[in-house]
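Me: I have just opened this entry and would like a guided tour. Could you take my questions one at a time?

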Amino acid sequence: ELMEQQEKQDKTIRKLKKQLKFYMKKVEDFEASTQQKNNASAMNFPVRAVNITRKEKEYQGMLEYKEGDESRFLKNLVIDLKPRGVAVSLIPGLPAYIIFMCLRYADSVNDDQRVSTLLNSTISSIKGVIKRRGGDFEVVSFWLANTCRLMHCLKQYSGDEVFTTHNSAKQNEHCLINFELSEYQQVFGDLAIQIYRQLIKCIEDILQPLIVASMLEHETIQGVLGSKPTGLRKRSSSFPDEDAVTVEVLLQRLSLFHTTMSQHGMDSDIIKQVVKQQFYIICAVTLNNLLLRKDMCSWSKGLQIRILVQTSTPTLSSRCHKTGRAESPSQSPQQVSDKASRKRRDKPEI
């Protein structure tokens, strides 16, 4: 009997425990629902706006890359890069700055193998682009500007006293600390000279077909030449030839060259030198063709060339001195033409 009573008590205890757990769970659910209601009511109150300010971060001016990745990122940065997209959408000299940031990282980890591989691969990649696309003025101009920019960075942050005196304190903190790269400065300088020569050759190839037609064969101001000299055989037409190469076409081409070099961030001294070289090419080609063509040796043709030179010189001069005011000729071309027409009957042709 005692055993039966104990079993009944155990069953009663288990039943009561289950009921206790059930009611405890209901109490917890009730408390949770009450807390949610309180939170919802609290959210309805207006909250004061709080400004979140970003802490200033000091950038090191480095770009980390894995060892052995030089060929891959130089393929994207140099070989496959389209100059027009970078010049228009991004900052000038961006490839040079990225390469120098990678160089600073290799210098910071004191890895001479990385430094040598990076610089040699960069030189080889630029030479390859110039060799394949040396006839494209835009490509040659772009890499001349970036090669000079990278050379300037190597000099500016070399740590030499000649350059550090012109730097700010922050710039001097970014100088190379483990390697002396003066020999690579000379290598990049020689590479820039090679690219400059290719640029001049590219300009000469583009201008060569335009110079004779615009400077010798086209009559800019009607009536200056009078009767055409013997040997000039052009079809007669009452309407001007729309496809004729005039001096305006030549000047537009020169203006395009200047705009492209400026967009690429080329040094102003180099741009001035290129413009002077363009003027030399125009004068040399004009003179050579003038001496080879007897039909061009006349007083009227000399007057025509003088007028063209007077009109083109201020334009070319303004390219060299963008900040200065180009000098204007003492007489306008039309004034020269009118005066020459009055005197022409008294002067025999040469």
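Me: How many aromatic pairs does the structure hold?
Reply: This is a predicted model, and the structure holds six aromatic pairs.

Me: Take Phe100 and Tyr157. Why is that pair called tilted?
Reply: The ring centres of Phe100 and Tyr157 are 5.4 Å apart and the planes meet at 35°, so the pair counts as tilted. A stacked pair would need planes under 30 degrees apart, and an edge-to-face pair over 60.

Me: And where do Phe100 and Tyr157 sit in the chain?
Reply: Phe100 is in helix H4 (residues 94-108), while Tyr157 is in the loop between helix H6 (137-156) and helix H7 (161-164). The pair links distant parts of the chain, 57 residues apart.

Me: Are Phe100 and Tyr157 buried or exposed?
Reply: Phe100 and Tyr157 are both buried.

Me: What about the rings of Phe137 and Phe257?
Reply: Their centres lie 4.5 Å apart with the planes at 40°, so this pair is tilted as well. Because Phe137 belongs to helix H6 and Phe257 to helix H10 (residues 247-263), the pair ties together parts 120 residues apart in sequence. Both Phe137 and Phe257 are buried.

Me: Which residues do ring pairs link into a cluster?
Reply: The cluster consists of Tyr65, Phe73 and Tyr105, linked by ring pairs.

Me: Let me step back to the overall fold. How many helices and strands are there?
Reply: The chain has 13 helices and zero strands. Followed along the sequence, the pattern is α-α-α-α-α-α-α-α-α-α-α-α-α.

Me: What share of the residues is buried?
Reply: Of the 350 residues in the chain, 35% are buried.

Me: On to salt bridges. How many does the structure hold?
Reply: There are eight salt bridges in the structure. One of them joins the side chains of Asp80 and Lys75, at 2.5 Å from N to O.

Me: How exposed are Asp80 and Lys75?
Reply: Asp80 is partly exposed, having a relative accessible area of 41%. Lys75 is likewise partly exposed, at 44%.

Me: And what does Glu138 meet in a salt bridge?
Reply: The side chain of Glu138 meets that of Arg84 in a salt bridge of 3.0 Å, N to O. This pair links distant parts of the chain, since Glu138 lies in helix H6 and Arg84 in helix H3 (residues 83-89), 54 residues apart.

Me: Why does Glu138 count as buried?
Reply: Glu138 counts as buried because its relative accessibility is 19%, and the cut-off for buried is under 20%.

Me: What about Glu173 and Lys170?
Reply: Glu173 forms a salt bridge with Lys170, and the closest N and O atoms are 3.4 Å apart. The two are three residues apart in helix H8 (residues 169-173), which means that about one helical turn separates them. Glu173 is exposed, with a relative accessible area of 51%, whereas Lys170 is partly exposed, at 40%.

Me: Changing topic: which residues gather in the patch of negative charge?
Reply: Glu1, Glu4, Glu7 and Asp10 form that patch on the surface. Glu1 is placed in the segment before helix H1 (2-43) and counts as exposed, at 80% relative accessibility.

Me: Which residues form the positive patch?
Reply: The positive surface patch is made up of Lys8, Lys11, Arg14 and Lys18. Lys18 is in helix H1 and is exposed, with a relative accessible area of 64%.

Me: What is the phi of Asn110?
Reply: Phi of Asn110 is near 60°, a positive value in a residue other than glycine. Most residues other than glycine have a negative phi. Asn110 lies in the loop between H4 and helix H5 (112-132) and counts as partly exposed, at 49% relative accessibility.

Me: Last one: how far is Ser125 from Val78?
Reply: The C-alpha atoms of Ser125 and Val78 are separated by 6.5 Å, and the two residues are 47 residues apart along the chain. Ser125 is in helix H5 and counts as buried, at 12% relative accessibility.

Notes: Residues are numbered from 1 along each chain as its sequence is written. This is a predicted model: local features need pLDDT of at least 70, side-chain atom pairs count only at pLDDT 80 or more; totals for chains, interfaces and linings use all residues. Side-chain values use heavy atoms; hydrogens and water are left out. Patches are made of residues with over 30% relative accessible area and no salt bridge: like charges are joined within 9 Å, nonpolar side chains (Val, Leu, Ile, Met, Phe, Trp, Tyr) within 5 Å. Accessible areas come from the Shrake-Rupley method with a 1.4 Å probe; for residues, only the protein chains shown count as cover. A salt bridge is a side-chain nitrogen of Lys or Arg within 4 Å of a carboxyl oxygen of Asp or Glu. Lys and Arg count as positive and Asp and Glu as negative; His and the chain ends are not counted. The place of a charge is taken as NZ of Lys, CZ of Arg, CG of Asp or CD of Glu. Helices (H or I, at least four residues) and strands (E, at least two) are DSSP runs, numbered from the N terminus. Buried means under 20% relative accessible area, exposed over 50%, partly exposed in between (1.4 Å probe, protein chains only). Rings of Phe, Tyr and Trp (its six-membered ring) pair if their centres lie within 6.5 Å; planes under 30 degrees apart count as stacked, over 60 as edge-to-face and the rest as tilted.
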